Amino acid sequence: FLTMPQEPVIAIDRVNHYYGSGRLRKQILFEVTSEIQPGEIVIMMGPSGSGKTTLLTLIGALRSTQEGSMKVLGQQLRNAPNSRLVNLRRNIGYIFQAHNLLNSLTARQNVQMSLELHDQHLTRREREHRAEEMLEAVGLRDWRDYYPHDLSGGQKQRVAIARALASHPKIVLADEPTSALDKQSGRDVVEIMQRLAKQQGSAILMVTHDNRILDVADRIINMEDGRLSNLEAVPV
Ligand code: ADP
Ligand code: MG
């Protein structure tokens, strides 16, 4: 039968990035080129300071692309008007190293608030229902009315995952999501991410140093001194 050719959800072509200006201007990314397909789980490794977070923030439309082509969900981000960037951010789930939950909101309210921003056609009741479903999916049904302060690191990161995936984004960007967690909660968190992403068909680009979770990836890429390459063999 015929299969539709699928557009990559992320297409990066010869992207350069610089910080600073004048004599302090320093190049951080060099001719970065890569594609990520729908539903693909890609892990990015590489030493600290090599440019991984910079690349993630460019893909996530949190920083302007200066040189090269950065197409995300079919939209060119270079020289894009702000409205396009804002719109695109609604279609991306972000999970950061620190959970970034709002401490004055319960687990459920944190997820609901994200749905208010991302899925504006949902009714209040639908948002509540979706938030409950997502918290159940990450194993936090009995914790939904707790505040971040009363949750463990692993639980907070699971709320962050529920929040990032609640609106069924086509892309999830995760920057060292397990770095603050012990081995077992790190593993749990990543397996939950993998399961939800596969169910929803979301692509994941995840930065990690954690060798024990590399097996969840469909592909591993490596950043070194601002240059991106495919990893031939999985490090052990
Ligand atoms: P990684 O995530 O791989 O650790 P980063 O993308 O955070 O790397 O940083 C890459 C380089 O850019 C580092 O040398 C860092 O010091 C520098 N850098 C990061 N953010 C900024 C910034 N906002 N202004 C200036 N330099 C920065
Ligand atoms: Mg980083």
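I began with the shell around ligand 1, to which helix H1 (residues 52–59) gives the most, with three residues; helices here are DSSP runs of H or I with at least four residues and strands are runs of E with at least two, numbered from the N terminus. I note that this is a predicted model, in which local features need pLDDT of at least 70 and side-chain atom pairs count only at pLDDT 80 or more, while totals for chains, interfaces and linings use all residues. Residues are numbered from 1 along each chain as its sequence is written, chains are lettered from A and ligands numbered from 1 in the order in which they are written, and side-chain values use heavy atoms, with hydrogens and water left out.

**Ligand 1**

I listed the residues that surround ligand 1 as Tyr19, Ile28, Pro47, Ser48, Gly49, Ser50, Gly51, Lys52, Thr53 and Thr54, a residue being near if one of its heavy atoms lies within 4 Å. By class I find three nonpolar, six polar and one charged residues in this shell, where Ala, Val, Leu, Ile, Met, Phe, Trp, Tyr, Cys and Pro count as nonpolar, Asp, Glu, Lys and Arg as charged, and the others, Gly among them, as polar.

I then looked up polar contacts (pairs of N or O atoms within 3.5 Å). A polar backbone atom of glycine 49 is 2.7 Å from an oxygen atom of ligand 1, and a polar backbone atom of glycine 51 is 3.0 Å from an oxygen atom of the ligand. For threonine 54, a polar side-chain atom lies 2.5 Å from an oxygen atom of ligand 1. The protein covers 58% of the 560 Å² of accessible area that ligand 1 has on its own, by the Shrake-Rupley method with a 1.4 Å probe.

I traced an open sheet of four strands in the order E2-E1-E4-E5, with antiparallel pairing; strands pair if DSSP finds at least two bridges between them. Strand E2 (26–36) and strand E5 (75–76) each have a single partner strand, so one side of each is left without a neighbour in the sheet. Strand E1 (residues 10–19) pairs with strand E4 (residues 67–72) over five bridges in the antiparallel sense, and asparagine 16 stands opposite glutamate 67 in E4.

I see that H1 lies across E1, E2 and E4 and runs at about 120° to E1, with contact meaning heavy atoms within 4.5 Å and angles running from 0 to 180 degrees between N-to-C directions of axes fitted to C-alpha atoms, for helices over the stretch in contact.

Notes:
A polar contact is a pair of N or O atoms within 3.5 Å; within protein, one must be able to donate a hydrogen and the other to accept it, and residues adjacent in sequence count only if both atoms are side-chain atoms.
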